[in-house]
Amino acid sequence: MLLRQIARARRRLRKQYWRWMTPLWMAEVRDLGRRPRCYGRPEIDGGDNISIGDDIRLASYLVPCWLDARRGRIDIGNHVTLAHGIQVCSWSHVTIGDDCVIGSYTRILDSDFHQIDPDEPIRTEPVHIGRNVWIPGQAQILRGVTIGEGAVVALGAVVTENVPPRSVVAGSPAKVVRTFERDATR
Ligand SMILES: CC(C)(COP(=O)(O)OP(=O)(O)OC[C@H]1O[C@@H](n2cnc3c(N)ncnc32)[C@H](O)[C@@H]1OP(=O)(O)O)[C@@H](O)C(=O)NCCC(=O)NCCS
């Protein structure tokens, strides 16, 4: 009984700690909207090149959520949730629209970050994730991809091509498995 009370108190304290620390953890972000909430400490590199809208939820309690815009730019809209273990690495430009929910261990990369053919430059192209997209988790979103409004990217998908609005894509490489008429409410 006592142990249970201690565990509960610890959980409450942890939540308070996250609330107090959020302004410090997000201090590097140049354009930060209102009411940001961090659950654990995120890893933020290149905050001068990052903008985040209102009501961001950034979870890092198991593994940090990592935003790296040292050589690129990351723009995140309003009411976006990013789960733990997410990596967003930009050498070009990554945009994430309003109301998106992005699940744990998803990677969003706008560059190959390495040469493949020594006679060609490293391939780097912006990634655009439209409004109200749901990515349950462990997806890989690769350079040059646009994900249409309201789309769903299934668990573990590797997205190499554009995703039409209001469609579900799954697999590696991701293919459309379903389309629907209206946006779901996230
Ligand atoms: C997106 C998701 C909800 C499935 O959406 P759906 O539209 O209902 O898809 P269905 O189950 O009808 O499957 C449609 C097809 O896609 C395939 N498919 C579904 N999910 C898949 C996946 N993650 N990887 C590969 N293929 C998948 C199905 O096998 C099926 O193929 P078939 O038509 O050849 O039989 C599901 O893939 C998913 O990601 N679930 C995880 C939810 C989750 O993690 N929630 C917690 C985090 S927020």
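## The ligand shell

In this predicted model, the shell around the ligand is made up, by class, of seven nonpolar, four polar and one charged residues. The residues surrounding the ligand are Gly 103, Pro 136, Gly 137, Val 152, Ala 154, Leu 155, Gly 156, Val 168, Ala 170, Gly 171, Val 177 and Arg 178. Two elements give two or more residues to this shell, namely the strands β19 (167-170) and β20 (175-179).

## Overall architecture

The chain contains one helix and 20 strands. Its radius of gyration is 17 Å, close to the 16 Å that the globule rule gives for 186 residues, and the chain is therefore as compact as a globular protein of that length.

Of the 186 residues, 34% count as buried. Where contacts link residues at least 6 apart in sequence, 25% of them join residues at least 24 apart.

## The nonpolar core

The largest nonpolar core has 42 residues, and within this core Leu 82, Val 153 and Val 159 touch the most other members. At least two residues of the core come from each of β4 (50-52), β5 (57-59), β7 (74-76), β9 (87-89), β10 (94-96), β12 (107-109), β13 (127-129) and β17 (152-153). In soluble globular proteins, nonpolar side chains tend to be buried together.

Once its neighbours within four places in sequence are left aside, Leu 82 is in contact with Arg 57, Leu 58, Ala 59, Cys 65 and Ile 102.

Technical notes
Residues numbered from 1 in each chain as written. Predicted model: local features only at pLDDT ≥ 70, side-chain atom pairs only at ≥ 80, totals over all residues. Helix = DSSP H or I, 4+ residues; strand = E, 2+ residues; numbered from the N terminus. Rg over C-alpha atoms; globule rule 2.2 N^0.38 Å. Buried ≥ 20, exposed ≤ 12 C-beta atoms within 10 Å, placed from the backbone. Contact = placed C-beta atoms within 7 Å. Near = placed C-beta within 6 Å. Nonpolar A, V, L, I, M, F, W, Y, C, P; charged D, E, K, R; others polar. Core = buried A, V, L, I, M, F, W, Y, C linked by C-beta atoms within 7 Å.
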